[in-house]
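Okay everyone, thanks for coming. I'd like to walk you through one structure today, so please have a look at it on the screen before I start.

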Amino acid sequence: MTVRSGAPVRILLIDDHALFRESVARALSAERSFEVSHCASVAEALRIVETSSVDVVLLDYDLGFERGDRFLAPAKRLGFAGRTLVLTAWVSDQEARRLVREGVAGIMLKESPLSVLAEAVRAVASGGAWLDQRFLRALAGTEPAEGAESKATLSDRERKILRCLLEGLGNKEIAGRLLISETAVKTALQQLFQKTGVRSRSQLVRVALEQYHDQI
C-alpha cells in the first residue's frame, strides 16, 4: 500500500524507550505531511493497526523483553497493508537478511539524523525501499543458500572468551582465568567484533547466544 497523493503519512512508532519514542514522534509531527502515533510494545501496536489506518510502522528491533519482528506476521493476519521500516540501534547481517525476506521495506540505524529518517519514511510510504549503507553492502550478493548459515568459525581462544562474556566477566577477570594478558583479551574481542559484525560487548553476547551456541 502506498500513500495517496497529498494525504498525510500516518506513522506508528514502536519503541520501548519513552524518551527516544516521544522525542522522535514530536520531531516527525512537526512536519505537516506526517501524522504520528507511538507505543511501547508489539501488543499495543497490534491493537492500533487493528483499529486504525497506518501507512508506515517504524519498528525498533530490540523492544527490551521482546523482539520487534514479532509484530510482522500477526500484523499481516490482522490485515495491516502498510510498510514497515526497522529503526534500530543495531541488527546483525543475518538478521537483516531475514527481516528483508519477511517483507520489511527497509532498515536504518538510530544514529541517523532526523532529516534522513523523514526522507526514509517518505521513500517507504511511496512504495520504495530504504536500506542503511551498511546493510546494503551486507545484503548485496551475500545471501547464503537456502538452509545454509553464513558465520565465521571461532578459534579455541575466541570460544573461551565468549564463554567468559556469557558469565559476565570483565577483561581483567577473563585474562586471569585464561592466563593471558588484558591486551590479548582486547585483541581477541576486536577480532570477534569483526567476525560477527557487531560493535559492542552486549551485541556480541546476543549474537553468541543466537548464532554461535553450537560452537561455545
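This is a predicted model: local features need pLDDT of at least 70, side-chain atom pairs count only at pLDDT 80 or more; totals for chains, interfaces and linings use all residues.

**A loop, two helices and the rest of the chain**

Let's start at L179, which sits in the loop between α8 and α9. Helices here are DSSP runs of H or I with at least four residues, strands are runs of E with at least two, and both are numbered from the N terminus. Residues are numbered from 1 along each chain as its sequence is written, and side-chain values use heavy atoms, with hydrogens and water left out.

Back to L179. Its phi is near 60°, a positive value in a residue other than glycine. Is L179 buried or exposed? It counts as exposed, because its relative accessibility is 76%. The cut-offs go like this: buried is under 20% relative accessible area, exposed is over 50%, and partly exposed is in between, with a 1.4 Å probe and protein chains only.

Now the helices on either side of that loop. Two packed helices are described by the angle between their axes and the distance between the axes. For α8 (residues 171-178) and α9 (residues 182-196), the axes come within 8 Å and cross at roughly 110°. That makes α8 roughly perpendicular to α9. The axes are lines fitted to C-alpha atoms, for helices over the stretch in contact, and the angles run from 0 to 180 degrees between N-to-C directions. As for the wording, under 35 degrees is roughly parallel, over 145 roughly antiparallel, 65 to 115 roughly perpendicular, and the rest oblique.

Which residues meet there? From α8 we have N171, K172, I174 and A175, and from α9 we have E182, V185, K186 and L189. By class, that contact has four nonpolar, one polar and three charged residues. Contact means heavy atoms within 4.5 Å. For the classes, Ala, Val, Leu, Ile, Met, Phe, Trp, Tyr, Cys and Pro are nonpolar, Asp, Glu, Lys and Arg are charged, and the others, Gly among them, are polar.

You'll find R157 in helix α7 (residues 156-166), and with a relative accessible area of 40% it is partly exposed. Leaving aside neighbours within four places in sequence, R157 is in contact with I180, A184 and A188.

An α-helix has 3.6 residues a turn, so residues three or four places apart point the same way. Take α1 (residues 18-29): it has 12 residues and reaches 16 Å from its first C-alpha to its last, close to the 16 Å expected at 1.5 Å a residue. That expected span is 1.5 Å times one less than the number of residues. Its buried residues are R21, V24, A25 and L28. They cover an arc of only 100° around the axis, so they end up on the same side of α1. The arc is that of the directions from the helix axis to the C-beta atoms. On the other side of α1, L19 and R26 are exposed. And what covers the buried residues of α1? The cover includes β1, β2, β3 (56-59) and α5 (114-125).

Helix α2 (residues 42-51) has V42, A45, L46 and V49 buried. They also cover an arc of only 100°, which puts them on the same side of α2. R47 and T51 are exposed on the other side. The cover over the buried residues includes β1 (9-14), β2 (34-39) and α3 (72-77). I48, also in α2, is partly exposed at 22%.

How accessible is V121? Its relative accessible area is 0%, so V121 is buried. Not counting residues up to four places away in sequence, V121 touches V9, I11, F34, V56, L58 and L85.

Let me finish by zooming out. The chain has 10 helices and six strands, and of its 216 residues, 42% count as buried. Residues 24 or more positions apart account for 67% of the contacts with a separation of 6 or more.
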